[in-house]
Amino acid sequence: MSARQIWIVDFGSQYTQLITRKTRELGYSGEILTLEKVEELFNNGQYPKALVLSGGPHSVFEDNHNYDFLFQREDLPILGICYGMQLLGKHFNGQVEKGFTGEYGHSKVHFTSDFKIENCPDEFNVWMSHSDHISSAPSEFSVVMETNNNFIGAIKHNSRPILGLQFHPEVDHSEFGKEVLGHFYDELANLNQDWDSKTMLQEAIEFVSQVGDSYVLCAFSGGVDSLVAATLTHNVIGEKLHCFFVDNGLLRPQDYNHIEVLKKETNLNITILDAKENFYNACEGVSDPEVKRKKIGYTFIEVFEEKVHEYEKDHGIKFEYLLQGTLYPDVIESISPHKKGGKSDTIKSHHNVGGIPERMKLKLLEPLRLLFKDEVRMIGKELELNPDWVHRHPFPGPGIGIRVLGELKLDSIKKVQQSDQILFEELHNFDLYGATWQAFTVFLPVQTVGVKGDARAYENVICLRMVDSSDGMTAKYSQLPYEFLTKVSNRITNEVKGITRVVYDITSKPPGTIEWE
Ligand code: XMP
């Protein structure tokens, strides 16, 4: 059973998560379900208050699945987006035409009847991403929006609460997309708002209560996810929660400071496990990025297991749960029905704590598993955590290990630590910390010619990477003032020994990833 009033059926669109986010931003609870799950729940007589059919990469012409079960209940409000709208067209006997060139990108739509949406102008920009389209609306539907090149933009059922949109209201490029979604939930589906930070926190607390009297351990990084997960768990089980922070020697100066601050200023029981040598030894001589990531991941698991077992013996306790700050995007990626046909490419292995629960025979406790990062920040605020902690930039598990390109050497790690220290001091001095989503320096193991004093220098390069993003999936380089960039560059070349050149990475993601390895 789903506790959410809106079920979003995933047909494999790259934007399905965004539908959920936008739905919740509007104050309605929604979750993504597979088609199979929805069919099973419908067969058991369970229904949502509204159903959203997502877009998808397929064509309704290629799809012989019988979707009739989705449309049986006359009173069920349904929103079909893109592929979802074409399913409506097919089911209700409209005409769907196969597209050969497709339409991708910006388009304009206008209302064609007296149907209006509050706060929407008569004409507005939307985001299209489709090849097939409905060329003739089913007889029970009216065309309520058209594109400026005379394609059908939206259809509405004449008596049932069903709306179909050819464009993607969930994408930021669609102006008034939120108003369109809001109109469906509010006017057509008649829903009440039921989603806010108090509800999220309450649910997370109830979830944590399942551990009863058990001891819980947390692989604590100090980042917003583990901090919020640990704080709310501590509020429920108190001293039975033990947090372990692994010092892998691949951290920045501010990470060490941060953990000391958290030890002093929170009630959390935080133990620092010094494992620098283990990580340096494991990575010695390794320069391939994937091998490096894997070595760092495995070392984390080994160190964690060994040191936590020692701790258990010393304290006469036994942990039963591993608390993790896993978020919704990680959870739904693994259940999407459209992954069936083949696995998506692994761009980079993200090894943080994966593998620990099996090795250490721990049950997983993931109170944030249904939430997005911005929602976790809202819970952090609700828990009255310091806003600076809640709005900390993300920092990857393998840390500086993936920011020293090629072989990891202590000297290069120090260069990144010093450059990062300078970068962050200046971000704060110029009041720009909040103007970028993530900022860091990368050590490039190439030598270039420079001049220092009157002498020729032949030294390494530091690259600055600062990006704007909302979730790390896509990113653009941050357009920060030249004055600030100049100051950072001057300081790094003057203060960090062995660096004569500083460059700024202006690549978007895609095609570049945010990290360099
Ligand atoms: P990429 O480099 O894939 O990074 O564009 C996207 C976001 O993910 C972070 N990142 C990681 N985070 N473990 C993490 O916890 C990892 O192994 C890892 N690799 C990348 C990266 O810093 C960026 O925010």
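**Exercise 1.** In this predicted model, determine which ring R252 lies over, and at what distance from the ring centre.

*Solution.* Step 3: Apply the cut-off, by which CZ of Arg must be within 6 Å of the ring centre. A further case is R456, whose charged end sits over the ring of Y458, 5.4 Å from the centre of that ring.

**Exercise 2.** Classify the pair formed by the rings of Y28 and Y185, and state which parts of the chain the pair links.

*Solution.* Step 1: Note that the structure holds 23 aromatic pairs. Step 2: For Y28 and Y185, the ring centres are 5.1 Å apart and the planes stand at 45 degrees, so this pair is tilted. Step 3: Place the residues: Y28 belongs to the loop between α1 (16-25) and β2 (30-33), whereas Y185 belongs to helix α4 (residues 177-188). Step 4: Consider accessibility; Y28 and Y185 are both buried.

**Exercise 3.** Classify the pair formed by the rings of F300 and F304, and name the aromatic cluster that contains F300 and F304.

*Solution.* Step 1: The centres of these two rings lie 5.6 Å apart with planes at 15 degrees; planes under 30 degrees apart count as stacked, so the pair is stacked. Step 2: F300 and F304 are four residues apart in helix α9 (residues 289-315), which means a separation of about one helical turn. Step 3: Both F300 and F304 are buried. Step 4: One aromatic cluster is formed by Y215, F244, F300, F304, Y311 and F319.

Methods. Residues numbered from 1 in each chain as written. Predicted model: local features only at pLDDT ≥ 70, side-chain atom pairs only at ≥ 80, totals over all residues. Heavy atoms only, no water. Phe/Tyr/Trp six-rings, centres within 6.5 Å; stacked < 30°, edge-to-face > 60°. Helix = DSSP H or I, 4+ residues; strand = E, 2+ residues; numbered from the N terminus. Buried < 20%, exposed > 50% of the residue type's maximum accessible area, 1.4 Å probe, protein only. Lys NZ or Arg CZ within 6 Å of the ring centre and 35° of its normal.
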